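Subject: Structure for you to look at

Hello,

Please find the structure below. My notes on it follow.

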Amino acid sequence: MTGTDPDYIFKILMLGDAAVGKTSLSKHYIERAFTPDIRLTVGIQFFIKQEIVIEGKRVKLQIWDFGGEDRFRIMVPTLCLGSHGCIFMYDVTRPSTLNSHHSWTYIIKERCGKDVPIMLIGNKCDLVNKRAISMEHGIEVAKRSGFTGFAETSAKDGTNIDSTFETISRLMVERMRRLEAEDKNKKGKSPIIIGD
Ligand code: GDP
Ligand code: MG
């Protein structure tokens with residue numbers, strides 16, 4: 001490994017219904033800009049976050065922004081392969097977008113592995129007058145449904161964007177450390193002779 005290689009390259013999947021703000025949030029995190037009326041993402045779009053440092057580890061994020069249209073849903077199980085973390089987003093002004101989490105989280109847990117960090121994110125918290133889901137309810141759903149973390153964000157004013165990606169990165173680093181330790185334990189066992 002050269003001095004410029006990151007310690008980890010993580011694939012994060014952005015999931016959730018159409019128009020909850022997945023593309024806007026990813027874009028804001030990478031480019032620090034909010035572009036209103038982004039065209040509906042077709043299929044999948046990638047964003048790369050150049051190195052951030054988490055717990056002393058240099059981490060590069062590959063953000064896979066999923067289109068969210070029903071006709072692309074068939075791709076999700078395949079996209080989950082090799083993912084290190086997932087962000088499931090809903091829109092705090094539209095309750096139906098939170099209700100759809102069951103069908104998504106089931107697939108994620110089955111395909112990515114049960115210990116892959118999944119964050120529940122309520123986006124558009126800047127739309128105070130249109131809010132239809134309280135933060136308390138969001139936290140309650142996150143706890144009840146086995147999410148690893150929760151936050152409310154705004155891709156418009158930037159609320160909690162960096163901290164959300166930093167939190168999921170920390171969870172992913174911790175998971176990698178656990179897996180590496182388990183691997184070492186397995187490798188450390190000397191040969192034994194059976195039947196003596
Ligand atoms: P996606 O389909 O989940 O990728 O959603 P988009 O990022 O395309 O956003 C859908 C619409 O919601 C666009 O018109 C965005 O400008 C708008 N939008 C996204 N995030 C926010 C937010 O945090 N606040 C507000 N007010 N509008 C948002
Ligand atoms: Mg999109």
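Across which strands does helix H4 lie? Helix H4 (residues 101-112) lies across E1, E4 and strand E5 (118-123), and runs at about 180° to E4. Helices (H or I, at least four residues) and strands (E, at least two) are DSSP runs, numbered from the N terminus. Axes are lines fitted to C-alpha atoms, for helices over the stretch in contact, and angles run from 0 to 180 degrees between N-to-C directions.

This is a predicted model, in which local features need pLDDT of at least 70 and side-chain atom pairs count only at pLDDT 80 or more, while totals for chains, interfaces and linings use all residues. Residues are numbered from 1 along each chain as its sequence is written, and chains are lettered from A and ligands numbered from 1 in the order in which they are written.

The sheet: 6 strands form an open, mixed sheet in the order E2-E3-E1-E4-E5-E6. Strands E2 (44-54) and E6 (149-152) are its edges, each pairing on one side only (pairing takes at least two DSSP bridges). Strands E1 (residues 8-15) and E4 (residues 85-91) run parallel and are joined by 4 bridges.

Leu 15 stands opposite Phe 88 in E4. The contacts of Phe 88 (C-beta atoms, placed from the backbone, within 7 Å) include Leu 15, His 101, Trp 104 and Ile 121, not counting residues up to four places away in sequence.

Helix H6 (residues 161-187) has 27 residues and reaches 39 Å from its first C-alpha to its last.

Regards

Definitions and conventions
Two residues are in contact if their C-beta atoms, placed from the backbone, lie within 7 Å. The expected span of a helix is 1.5 Å times one less than its number of residues.
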